[in-house]
Amino acid sequence: MNIPNKIKEILKDYPLKKDTLGRSEDLIYFAANKYVLKISKNKEKLRHEVEMNNYLKDKLPVSKTIIYEEDNEYGYYLKTYIEGEPLISKKYLKNPYNLILLLKNALDKIHSVDIVNCPFANSYSKGDCFIHGDFCLPNILIKDNKISGFIDLNDAGIGDKYADYSWCIWSFE
């Protein structure tokens, strides 16, 4: 794989495993539950994700940026891995009461982000709440029956708070 030398140096001791579950157009690789490498032709979207993660790193459980680089064709985003199982897992879907409690906790965390100083606007709508535009069950990670992290935050920002609920309902499909 042709990746920048700085990233190769960091990952040299870790085998890369390609993500086969996600629906992203990006190539996503996991390195021993320590790092995630995203490779994308859409460099602007990937840069926005880096900015969003950097903004949220002290506000929500999100990946921490290790390095971001670009070449003529791709953007390369190396970030920390968040341990946890997606909320879409059958063990959560089979326990509706627990699922509702976890979703309430996730919504509370998302809406706790400071809306006054948030520099981002959601691409879908404008409003007065911080939301995650892709706020769906696979993007909410659980460990020890608690929210351990949020992934794919590239559409987060000030937007329509009801979009949270519609994405969650959509993800039950």
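Select residues 75–80, strand β5. Five of its six residues are buried, so β5 is largely enclosed by the rest of the structure. Buried means under 20% relative accessible area, exposed over 50%, and partly exposed in between (1.4 Å probe, protein chains only). Helices (H or I, at least four residues) and strands (E, at least two) are DSSP runs, numbered from the N terminus.

This is a predicted model: local features need pLDDT of at least 70, side-chain atom pairs count only at pLDDT 80 or more, and totals for chains, interfaces and linings use all residues. Residues are numbered from 1 along each chain as its sequence is written, and side-chain values use heavy atoms, with hydrogens and water left out.

**The partners of β5**

β3 and β5 pair in the antiparallel sense, over six bridges. Two strands pair if DSSP finds at least two bridges between them.

Thr65 stands opposite Lys79 in β5. Follow the chain from β4 to β5: a hairpin of four residues joins them.

**Helix α2**

Select residues 43–56, helix α2. The helix has 14 residues and reaches 20 Å from its first C-alpha to its last, close to the 20 Å expected at 1.5 Å a residue. The expected span is 1.5 Å times one less than the number of residues.

Show the side chains of Lys43, Leu46, Glu49, Val50, Met52, Asn53, Tyr55 and Leu56; these are buried. What do the buried residues of α2 pack against? They pack against β3, β4, β5, β7 (129–131) and β10 (157–159), where contact means heavy atoms within 4.5 Å.

Go back to Lys38. At 3% relative accessibility, Lys38 counts as buried. Side chains of opposite charge can pair when their charged atoms come close. A salt bridge is a side-chain nitrogen of Lys or Arg within 4 Å of a carboxyl oxygen of Asp or Glu.

Lys38 forms one with Glu49, the closest N and O atoms being 2.7 Å apart. This pair links distant parts of the chain: Lys38 is in strand β3 and Glu49 in helix α2, eleven residues apart. Glu49 is buried, as is Lys38.

Next, show Asp152. Its side chain meets that of Lys38 in a salt bridge (3.2 Å, N to O). Asp152 lies in the loop between β9 (146–150) and β10, and Lys38 in strand β3, so the pair ties together parts that are 114 residues apart in sequence.

The structure holds eleven salt bridges.

For another, select Lys91 and Glu85, whose side chains meet at 3.2 Å, N to O. Lys91 is exposed, with a relative accessible area of 52%. Glu85 counts as partly exposed, at 28% relative accessibility.

**A nonpolar patch**

Switch to a surface view. Select Leu93, Tyr162, Tyr165, Ile169 and Phe172, which make a nonpolar surface patch of about 530 Å². Patches are made of residues with over 30% relative accessible area and no salt bridge; like charges are joined within 9 Å, nonpolar side chains (Val, Leu, Ile, Met, Phe, Trp, Tyr) within 5 Å. Accessible areas come from the Shrake-Rupley method with a 1.4 Å probe; for residues, only the protein chains shown count as cover.

Which helix gives the largest share of the patch? Helix α5 (residues 162–172) does, with four residues. End on Ile169, which is in helix α5 and is exposed, with a relative accessible area of 58%.
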